[in-house]
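Open your viewer and get ready to select things one at a time.

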Amino acid sequence: MSAARQIADKGGARWSSLLRATAWLLLAAVVATPLLLGEGYRLPGGVGKNYLLTIGIFTGIHAIIAVGLGLLMGYAGQVSLGHAAFYGLGAYSSAILTTKLGLPPLLAMLAGIMLTALIALILGAPTLRLHGHYLAMFTLGLGMIVQIVFNQARGLTGGFGGVRNIPHLGIGSWQFDTKPEFYAVVMLTLGVTLLMAHNLVNSRSGRALRALHESELAAAICGVDVARSKLQVFVISAVLASVAGSLYAHFMRFVSPGPFGFVFSVDLLIMVVVGGAGSIWGPVAGAALFNILSETLGKIGEQVPWVADLDIVLFGVVLVAVVVFLPRGLVTLAARRPGRARGPAIQPEAQAEA
Amino acid sequence: MNSTRTRVWLATLTILAFLGLLVGCSRKSPEDVVVRPLPAPVTPESAPVTIGAILSLTGPASPSGEPQKNIVQMLVEQVNAQGGVLGRPLEVIVRDDESTPAGAVKAANDLIEQGVVAIIGPSTTPSTMPLKDICQEAGVPLIACAAGKTITDPVASYVFAVPQTNTLAVEKCFDYLEKQGIDKVASIYVANPFGEDGRENIAALAAEKGIEIVAVETFGGDDTDMTTQLTKIKAAEPGALICWGTNPGPASVTKDAKTIGLDVPILQSHGVANMKFIELAGEAANGVQLPAGRLIVWEQLADDDPHKDVLREFATTYQEEYGQAPTIFAGYAYDAFWIAVQAITEAGEADRAKVRDAIEQIKDFQGTAGVFNYSAEDHNGLTMDAFVWVKIVDGAWQLAE
């Protein structure tokens with residue numbers, strides 16, 4: 001940047017740092033609200049602490065997967081139609097290993113991560129060497145196979161009856177058996193996920209990813225190992241889905257095949273596309289919008305029943321509107337402030353370094 | 001430098017403002033903030049008694065949840081027209097679980113905090129299972145409209161269920177087999193939770209009664225051709241065929257069995273006990289036998305059958321209101337609703353623990369699914385008597401007892 005431009009940008013930059021500070025505080029306030037609310041409180045509509053915590057927990061779990069999927073879609077330019085399967089593999093690993101073998105929850109979660117990473121590696125290694133959307137097809141197939149295994153491997157998964165009596169999440173004698181504790185765990189995991197994603201995106205491999213998203217050929221010429229970079233992100237996103245699945249299993253303490261089907265894979269895509277795949281915060285915004293919108297309609301539906309059935313229609317409208325008017329997702333609204341132009345567009349330096 | 005200081009100031013101010021807001025809120029007396037009272041024992045006489053309902057209004061389970069919502073809304077109006085409960089109006093808050101366990105968990109947490117006295121539903125077993133813990137811990141009675149036997153086995157003191165279980169239906173089938181002296185059966189199931197539960201029950205009871213299962217086959221929910229499975233079954237020479245599924249699969253099984261000349265008695269489950277089955281199977285349906293709730297044959301019941309009045313009332317009002325015959329799913333919601341209302345009335349106040357106790361005390365309750373006798377050990381409350389043996393004759397249900 002030239003000195004003249006730096007001076008011209010100074011006013012905008014100060015505003016942007018103020019805005020950023022306010023945004024962080026607002027975010028912290030929103031995240032902390034359900035924790036700080038008293039047990040006896042009722043917000044309008046009879047909304048209380050546990051309900052908010054529950055919505056927060058599911059939003060957080062969805063956001064963890066969405067961030068990973070956002071990296072895959074926005075940076076590596078690949079679509080996965082089977083992330084619900086990785087989510088399910090994490091959930092069932094935790095469920096089966098803790099109930100049948102009595103493993104501690106963290107160990108079971110780790111086993112789930114390893115299993116998912118292995119499957120993602122096996123699936124991704126050959127597919128991601130190819131050009132085009134072969135990964136979408138492979139993951140679609142994986143989703144169906146995993147669903148069949150959940151349904152049919154009765155001895156292991158309990159078939160349609162599912163796995164019951166999953167223990168609470170805990171480390172040693174420290175059990176996260178209340179909603180506020182579990183909410184804190186989920187938010188902490190999401191925080192770590194975001195930090196990791198941030199570091200990845202701003203590292204050498206992150207720049208390599210952005211480069212290959214724009215043009216695989218150009219990236220390859222600059223010395224980027226295209227297949228390896230894509231595989232890395234795919235495995236990371238699968239592992240994140242698995243972690244989210246483990247959290248789901250310990251929160252619900254019951255898993256059944258239903259929530260891990262194709263429908264949820266599509267829900268995840270909606271969250272990522274609506275929020276914005278090319279950023280880290282986009283998918284989080286998408287997950288939050290998805291959950292809040294659906295609950296708000298449910299609440300209105302208590303008084304006006306037909307509204308409850310509108311969510312599918314509304315999500316369709318939102319999706320179309322976002323794709324048409326904000327092709328890079330809702331986050332572009334925030335990024336439109338002066339001096340905050342962010343996004344996956346490659347900057348000259350990034351290309352040079354990569 | 002300057003901008004850093006401004007930022008620190010702004011940050012401090014915002015944090016203080018936020019803390020101030022929270023402290024300010026918590027100082028307020030609960031009455032200012034609480035919109036709907038908690039289970040609070042002291043309520044003004046005019047305040048409504050609130051029941052929650054978690055039903056699958058969207059998603060794959062909506063064909064069972066939708067009629068349940070209809071019937072619940074109809075009954076609330078009926079109760080309020082007759083003066084409500086405990087001299088107070090009755091209110092039912094209906095929430096959609098979107099046919100997912102997560103949706104049911106969110107809805108349950110909300111309803112509990114809105115102060116409902118009891119919760120009716122959910123419509124499916126996967127949605128009900130995670131609520132077992134939640135309702136037990138919160139001390140809120142749950143009256144499930146889902147048939148999975150794990151809902152009431154093992155018993156959780158706050159969790160009840162109204163549907164007839166597969167266990168009872170299978171017992172009824174084996175009764176028939178024993179009377180006919182059939183000791184070799186083949187079975188075929190739909191690959192879904194209902195078929196799965198049937199499979200387990202049949203295997204368990206066959207072992208107990210010493211009946212040999214000579215062939216076991218499955219079919220997909222949308223399959224239209226069953227000749228492969230049925231040919232294998234025919235080769236195993238069973239004395240009867242038991243099919244466990246919901247429409248449309250069992251109709252195809254019935255038709256294809258006739259086509260390939262599998263000439264043994266065909267027993268179906270109560271999952272096909274609606275006119276759709278006869279429409280789909282057509283001519284082949286004649287001769288099929290099944291255990292079914294009394295609902296589909298209520299007109300044929302003897303006039304002194306204590307069940308007849310309840311069923312007449314339910315079937316005719318539903319028919320008038322919605323222009324179609326009621327489904328068994330609507331019946332589950334009907335039973336759950338009246339059990340909740342009766343328990344509240346008998347408890348004498350809208351207190352969750354007392355309502356729970358009152359549900360456990362319910363005896364000889366005439367519901368659409370059967371006669372309910374709850375006890376501390378039995379939270380389903382029905383016996384094999386909830387089923388009658390039905391045969392299809394000339395394209396109509398015929399009471400066979």
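How many residues does the contact take from chain A and from chain B? Colour by chain to look for them: 46 residues come from chain A and 44 residues from chain B, where contact means heavy atoms within 4.5 Å.

Before going on, two notes on reading the model. It is a predicted model, in which local features need pLDDT of at least 70 and side-chain atom pairs count only at pLDDT 80 or more, while totals for chains, interfaces and linings use all residues. Residues are numbered from 1 along each chain as its sequence is written, chains are lettered from A and ligands numbered from 1 in the order in which they are written, and side-chain values use heavy atoms, with hydrogens and water left out.

**Stop 1: between the chains**

The size of an interface is often given as the accessible area lost when the parts come together. Here chain A and chain B bury about 3,900 Å² between them, 61% of it on carbon and sulfur atoms; this is the accessible area (1.4 Å probe) that two parts lose on being put together, summed over both. Six salt bridges are counted between the two chains, each a side-chain nitrogen of Lys or Arg within 4 Å of a carboxyl oxygen of Asp or Glu. Select A:Arg253 and B:Asp133 to see a salt bridge whose closest N and O atoms are 3.1 Å apart. A:Arg253 is in the loop between H10 and H11 of chain A, and its phi is near 60°, a positive value in a residue other than glycine. Most residues other than glycine have a negative phi, and most peptide bonds are trans.

**Stop 2: rings in chain A**

A:Phe260 counts as buried because its relative accessibility is 1%, where buried means under 20% relative accessible area, exposed over 50% and partly exposed in between (1.4 Å probe, protein chains only). A:Tyr248, at 2%, is buried as well. These residues belong to one aromatic cluster, whose members include A:Phe58, A:Tyr87 and A:Phe264.

**Stop 3: chain B**

Which residue has its charged end over the ring of B:Tyr158? Select B:Arg356, 5.8 Å from the ring centre; the rule asks for NZ of Lys or CZ of Arg within 6 Å of the ring centre and within 35 degrees of the ring normal.

Next, find two cis peptide bonds: B:Gly121 to B:Pro122, with omega near -5°, and B:Asp153 to B:Pro154, with omega near 5°.

Finally, colour chain B by pLDDT, the predictor's confidence in each residue, from 0 to 100. The chain's mean is 86, yet pLDDT stays under 50 over residues 19-44.

Note on methods
Phe/Tyr/Trp six-rings, centres within 6.5 Å; stacked < 30°, edge-to-face > 60°. Helix = DSSP H or I, 4+ residues; strand = E, 2+ residues; numbered from the N terminus.
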